[in-house]
Amino acid sequence: MAKDHAETDFDRELEDLPPDLRWREWMRRIEAVLFASASPVPREDLARVVGQGASVDLLIDDLAADLEGRSFEIAKVPGGWMLRTRPAYSMAIWAAADVGDQTLDLREYDVAVLAAIAYHQPITRDGLKDIFGKEISRDLIGRLHARGLIGTGPRSPQRGAPYTYVTTEQFLVAFDLQSLQDLPDREQLMDAGLTES
C-alpha cells in the first residue's frame, strides 16, 4: 500500500527542470537504483524512475561515459545492468576488504564440473559420470547449487526420470558472460591448452 502511495507522489517527468538538468537527474536516478541493488536491474525497472519516452539505453550510455575513469562501471549482464568494480581495482579490494563470503572459491575440479554442465546442459549426474569417468559427488553438486551457479533442469526422459542440472543467471554474472553463446568454443579451449582434441 505504501509503495502505491510513493509511486503516485513520485515525479518521473520532472517537467519543471530544463531538459539538460532533467536528463542529468534521470541519469542520477538510474545510478542510485543500480547502486542500491545487489542484483541486475532490468530495463523495465529502470524505466519506472525516468520520464515516459526517455531512453533508458541512452541514459545508461551517458551515465557510463560519466563514470569513465572511476573505480566502478555499469555492466550489462543477464537480467539487466549492475554497477561493479573495474577489474583493475580487484587487488585493492582483496587487500583492504573482507570479501571472503563473496568469492566463488572453486577448486579446479569444481570449475571443470561446472564447465561440463554449462556445455552439456541439461545433464544428469550419470552424464557427468560419463564425461569424468567417475561419480560426481552430491556434495559438489550441492555446493554449486548453494552458490547459485547451477539449478535443477527438466527431468531426463529416461528410466527413473533423473534430475538434470543447468547453469543459472548467477553463473553468467559470475563468469562475466552475456549468454551461453559467450562460452569459448572447443577450438578456443584446445588453443588455450585446456582440453584435448
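# Briefing on a predicted helix-and-strand model

Leucine 172 is found in helix H9, which covers residues 169-174. Helices here are DSSP runs of H or I with at least four residues, strands are DSSP runs of E with at least two, and both are numbered from the N terminus. This is a predicted model, in which local features need pLDDT of at least 70 and side-chain atom pairs count only at pLDDT 80 or more, while totals for chains, interfaces and linings use all residues. Residues are numbered from 1 along each chain as its sequence is written, and side-chain values use heavy atoms, with hydrogens and water left out.

**Overall picture**

- The protein holds ten helices and four strands.
- Along the sequence, these elements follow the pattern α-α-α-α-β-β-α-α-α-α-β-β-α-α.
- Of the 197 residues, 31% count as buried; buried means under 20% relative accessible area, exposed means over 50%, and partly exposed is in between, using a 1.4 Å probe and protein chains only.
- The accessible surface comes to about 12,900 Å², and 52% of this belongs to carbon and sulfur atoms. Areas come from the Shrake-Rupley method with a 1.4 Å probe, and for residues only the protein chains shown count as cover.
- Taking contacts between residues at least 6 apart in sequence, 47% join residues at least 24 apart; contact means heavy atoms within 4.5 Å.

- Leucine 172 is buried, with a relative accessible area of 11%.
- Its contacts, leaving aside neighbours within four places in sequence, are Pro78, Leu177, Gln178, Ser179 and Leu180.
- Leucine 172 and valine 77 are 95 residues apart in sequence, yet their C-alpha atoms are 7.7 Å apart in space.

- Strand E1 (residues 72-77) and strand E2 (residues 80-85) run antiparallel and are joined by six bridges. Two strands count as paired if DSSP finds at least two bridges between them.
- Alanine 75 has methionine 82 in E2 as its bridge partner.
- Two residues lie between the strands of this hairpin, and glycine 79 takes a positive phi near 95 degrees there.
- As background, side chains in a regular strand alternate between the two faces of the sheet.

**Where H6 meets H7**

- The axes of helix H6 (residues 108-120) and helix H7 (residues 125-132) come within 11 Å and cross at roughly 115 degrees. Axes are lines fitted to C-alpha atoms, for helices over the stretch in contact, and angles run from 0 to 180 degrees between N-to-C directions.
- H6 passes H7 in a right-handed crossing, where right-handed means that the near helix is turned clockwise from the far one by less than a right angle, and left-handed means anticlockwise.
- From H6, the residues Tyr109, Ala112, Val113, Ala116, Ile117 and His120 meet Leu128, Ile131 and Phe132 of H7.
- By class, this H6-H7 contact has eight nonpolar residues, one polar and no charged. Nonpolar covers Ala, Val, Leu, Ile, Met, Phe, Trp, Tyr, Cys and Pro, charged covers Asp, Glu, Lys and Arg, and the others, Gly among them, count as polar.

**Backbone angles to check**

- Most residues other than glycine have a negative phi, and most peptide bonds are trans.
- Leucine 14, in the loop between helix H1 (2-9) and helix H2 (19-36), has a positive phi near 55 degrees. Leucine 14 is buried, at 8% relative accessible area.
- Alanine 161 has a positive phi of about 45 degrees although it is not a glycine. Alanine 161 lies in the loop between strand E3 (150-152) and strand E4 (165-167), and counts as partly exposed at 26% relative accessibility.

**Two partly exposed residues**

- Phenylalanine 10 lies in the loop between H1 and H2 and is partly exposed, with a relative accessible area of 35%.
- Beyond neighbours within four places in sequence, phenylalanine 10 is in contact with Arg29, Arg48 and Val49. Phenylalanine 10 and valine 49 are 39 residues apart in sequence and 8.4 Å apart in space, C-alpha to C-alpha.
- Threonine 152 lies in strand E3 and counts as partly exposed at 45% relative accessibility.
- Not counting residues up to four places away in sequence, threonine 152 touches His145, Tyr163, Thr164 and Val166.
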